[in-house]
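Subject: Handing over the protein model

Dear colleague,

I am passing on to you the structure that we talked about, and I would ask you to keep it open beside this email as you read. My notes on it come after the structure itself.

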Amino acid sequence: MNLEDIMQAPAPASEWVLERDCEESGLEPQAVREEMRRRITEMRDSVERGLKNDAKSITGMVGWNAKGLWDAPDTLNAPLLVRVQAYAMAVNEENARMGRIVAAPTAGSAGTVPGALLGVADHLGIEDDQLVGPLILAAGIGKAISKKMFISGAAGGCQAEIGSSAAMAAAAVTELMGGSPRAAVHAAALALTNTIGLVCDPVGGYVEVPCVSRNAFYAVHAVSAAQLALANLESFIPPDEVVTAMAEVGRMMPPALRETAEGGLAQTPTGRQIMERMESGEMDPLPLIQ
């Protein structure tokens, strides 16, 4: 199954993805749907916990961002933007606090799909039962990408993680809003296109900085891609070729920029100071970055 296959599927694309998955796994469609409902519940729980909690992560670098945004005045009068960003950060800060989250597709990129999909649904008053199909489609998009490139920062930089999660989220939001399989796949391609080359440079090697805010940005990025696709805008480069390009860039990326904390933000003066403090057992680097 590749993106072209999904794009040519009858609507809704999620049903076609579900059929193919059940053929491969031997599972019953209802069992898969129930599992997706359970995951939606887990996503909701992590969002709700994260929005209420401002406790620091183990390192002290994050923990208050989601609640801080959620509680702050909406100065731009952009409630959807606030919701999507806050939801995404809530999930990733729960991850940083060692809470329970749904890897989608990884822990480091876990906030993008719930941020975009749950954020849009809540903004529009859409019930969770209507999110099952879009989440199945998101999984199908992730699976198609993973056949050409490992979905991990260590394998291909953050483009492989956050790019894949943004593509998954964009397709899910597009189907949620009634978009065709073609529109959903092009939304995924548009999201992925604009993450190619993104490095994985976590400060101290922890999935916190810049990962938490990056999920907020790319959840919005996914919604933007969905909006373009729903207006019949398409990726000029065919979707499967976009995935191939991302994979090739990932293979060219030097190890220092693939989750080793040996490049990028991790090797700024502050990043190195934080790493030294962590290695010495001083796990709260906050005074260095205030």
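What follows goes from the whole chain to single residues.

Please keep in mind that this is a predicted model, in which local features need pLDDT of at least 70 and side-chain atom pairs count only at pLDDT 80 or more, while totals for chains, interfaces and linings use all residues. Residues are numbered from 1 along each chain as its sequence is written, and side-chain values use heavy atoms, with hydrogens and water left out.

The whole chain

The protein chain has 14 helices and zero strands, where helices (H or I, at least four residues) and strands (E, at least two) are DSSP runs that are numbered from the N terminus. The radius of gyration of the protein chain is 18 Å, close to the 19 Å that the globule rule gives for 290 residues, so the chain is as compact as a globular protein of that length. That radius is taken over C-alpha atoms, and the globule rule is 2.2 Å times the number of residues to the power 0.38. Along its principal axes, the C-alpha trace spans about 55 × 40 × 40 Å.

Of the 290 residues, 53% count as buried, a word that here means under 20% relative accessible area, with exposed meaning over 50% and partly exposed meaning in between (1.4 Å probe, protein chains only). The accessible surface of the protein chain comes to about 12300 Å², and 55% of that surface belongs to carbon and sulfur atoms; such areas come from the Shrake-Rupley method with a 1.4 Å probe, and for residues only the protein chains shown count as cover.

Among the contacts in the chain with a separation of 6 or more, 74% are between residues 24 or more positions apart, where a contact means heavy atoms within 4.5 Å. As for charge, the chain has 22 positive and 36 negative side chains, and the centres of the two sets lie 2 Å apart. In this count Lys and Arg are positive and Asp and Glu are negative, while His and the chain ends are not counted; the place of a charge is taken as NZ of Lys, CZ of Arg, CG of Asp or CD of Glu.

Cysteines and helix H11

How many disulfides does the count come to? The count comes to zero disulfides, where a disulfide is a pair of cysteine sulfur atoms within 2.5 Å. Cys158 is in no disulfide, and the nearest cysteine sulfur, that of Cys200, is 5.2 Å away. Cys158 counts as buried at 9% relative accessibility, and Cys22 is buried too, with a relative accessible area of 9%.

Once residues up to four places away in sequence are set aside, Ala216 touches Gln85, Ala88 and Met89. The C-alpha atoms of Ala216 and Gly26, which are 190 residues apart along the chain, are separated by 36 Å.

In helix H5 (residues 79-96) you will find Asn95, which counts as buried at 15% relative accessibility. Leaving aside neighbours within four places in sequence, Asn95 is in contact with Ile101, Ala107 and Val207.

Backbone details in the loops

A cis peptide bond joins Ala11 and Pro12, with omega at about -5°, and Pro12 lies in the loop between helix H1 (3-7) and helix H2 (13-25). Val209 and Pro210 are likewise joined by a cis peptide bond, with omega at about 5°, and Pro210 is in the loop between helix H10 (181-193) and H11.

The loop between helix H12 (239-252) and helix H13 (269-279) holds Glu259, which has a positive phi of about 65° although it is not a glycine. Ala261 lies in the loop between H12 and H13 and has a positive phi of about 60°, although it is not a glycine. Glu259 is partly exposed, with a relative accessible area of 32%, whereas Ala261 counts as buried at 7% relative accessibility.
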